[in-house]
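Please keep the sequence and the structure in view while reading.

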Amino acid sequence: MKNLLATALIATLATPTLAQTCGGSFSSFLSGIKEEAVAKGHNPAKVDQFLAHARQDQKVISADRAQGVFKLDFTDFAKRVISANRMAKGKANRQKYASVFDRIQKTYGVDPAVMLAFWALETDFGAVQGDFNTLNALLTLSHDCRRPELFRPQIFAALTLFERGDFSPAKTTGAWAGEIGMVQMLPKDIIERGVDGDGDGHVSLKTSAADALMSGANVISHHGWRPNEPWLVEVTVPQSLDWENTGLHASRSVADWAAAGVKARGVNMPNGGLQASLLLPQGRKGPAFLALPNFKVYLEWNQSLVYVTTAAYFATRLAGAPRFDEGNPEPGLSDSQMKSLQQKLKSRGYDVGKVDGILGAKTRDAVRQEQIRLGLPADAWPTAGLLSKI
């Protein structure tokens, strides 16, 4: 699963003699992994077998450094990944696995369209699950010192799966970041939330659609999915709106948004008592959506706003909503312009994270604050005009 859930720092290792947790020579790093695994109670012979052919994979590092897809705007990304073919496959799979989706809805309250959209975007309904050796990917990313706190625990989770007979160090493959199966789940998530959906005694996310879909729905439920509630609704907005209160940082009741002139497009307005944020992925002149409480669960799956907005919108399409209105948004910034903007914002004291050309949550927040300072419509959409004024 392409999430960034494991953001807490790794617990202090129990044995002070263990090798450093990242960096250094790879052989010393592996020695530390072996020593920690044994300290955790794993059989030494099993650990040796698990790590017998372990190696670094430079292709994993290259993939980690080159996530250019996150630099696309919402409209371009949605057009790229939501095709007529995927819509048709989604509807066909809804019928093919009707009994599974019915169980998901009864057990977890997750709409079938939500799982279908994730299934499509993650692996094209299981067709493209990734060909990176999973163990080597996890080891490589753990050795790399950018995010060892996320990936190192996954190694020991994979070891547990290996001991259960559900993971092959040599043959298990998946995404470059170590996710496995049709809905791309990390080993720790599989252990904690995996579901044997087909009743064969194993959780086989690579080969069993029932296992993958039930497991994914279990994760979504665990993160607070509210049954029988919408997640995203496209809306039209009056241009007289108070833009400062748009974005995920603020919310109002649906009734309050309606009173301000916000109207649902192509579907019914949600219950007026629900809280919602007005999401403008490309500013006040582009597409507009009400993001309901369930939308927050999407951000537990993946932290890219473009990705989760697309996934949530795709699910609404599969549930019967029309195509979104692209509007006429002001052109976004090029990669070099975005990096220049981030650098300028950083020099003004804003925390924008890494200067990487990606319009993430921190950059959006800084843009909104600068728009307020400059007396511009505060819709958090960076433009060339804003860049020239900072």
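A crossing of two helices is called right-handed if the near helix is turned clockwise from the far one by less than a right angle, and left-handed if it is turned anticlockwise. In this predicted model, helix α6 passes helix α11 in a crossing of the right-handed kind.

**Confidence**

- The average pLDDT of the chain is 93, and 94% of the residues score at least 70.
- Residues 3-19 have a pLDDT below 50, and this stretch has 31 contacts in the model beyond near neighbours in sequence.

**Helices α6 and α11**

- Helix α11 covers residues 209-222; its axis and that of α6 come within 10 Å and cross at roughly 20 degrees.
- Angles under 35 degrees count as roughly parallel, and α6 and α11 are therefore roughly parallel to each other.
- On the α6 side, the residues that meet α11 are V100, F101, R103, I104 and Y108.
- Their partners in α11 are A210, L213, M214, A217, N218 and S221.
- By residue type, the contact of α6 with α11 comprises 8 nonpolar, 2 polar and 1 charged.

**Helices α5 and α6**

- Helix α5 spans residues 84-96 and helix α6 spans residues 98-108; the two pack at an angle of about 80 degrees, with their axes 5 Å apart.
- Angles of 65 to 115 degrees count as roughly perpendicular, and α5 and α6 are therefore roughly perpendicular to each other.
- N93, R94, Q95 and K96 of α5 are in contact with A98, F101 and D102 of α6.
- The residues of this contact between α5 and α6 divide into 2 nonpolar, 2 polar and 3 charged.

**Helices α1 and α9**

- Helix α1 (residues 26-39) packs with helix α9 (residues 148-164) at an angle of about 55 degrees, and their axes are 11 Å apart.
- The two helices, α1 and α9, are therefore oblique to each other.
- The crossing of α1 and α9 is right-handed.
- From α1, the contact involves F29, G32, I33, E36 and A37; from α9, it involves R152, I155, F156 and L159.
- Among the residues of the contact of α1 with α9 are 6 nonpolar, 1 polar and 2 charged.

- Strands of a sheet pair through backbone hydrogen bonds, either parallel or antiparallel.
- Strand β3 (residues 232-236) and strand β7 (residues 289-291) run antiparallel and are joined by 3 bridges.
- The bridge partner of E234 is F289 in β7.

How values were computed:
Residues numbered from 1 in each chain as written. Predicted model: local features only at pLDDT ≥ 70, side-chain atom pairs only at ≥ 80, totals over all residues. Heavy atoms only, no water. pLDDT = per-residue confidence, 0-100. Contact = heavy atoms within 4.5 Å. Pairing = 2+ DSSP bridges. Helix = DSSP H or I, 4+ residues; strand = E, 2+ residues; numbered from the N terminus. Axes fitted to C-alpha atoms, helices over the stretch in contact; angles between N-to-C directions. Parallel < 35°, antiparallel > 145°, perpendicular 65-115°, else oblique. Nonpolar A, V, L, I, M, F, W, Y, C, P; charged D, E, K, R; others polar.
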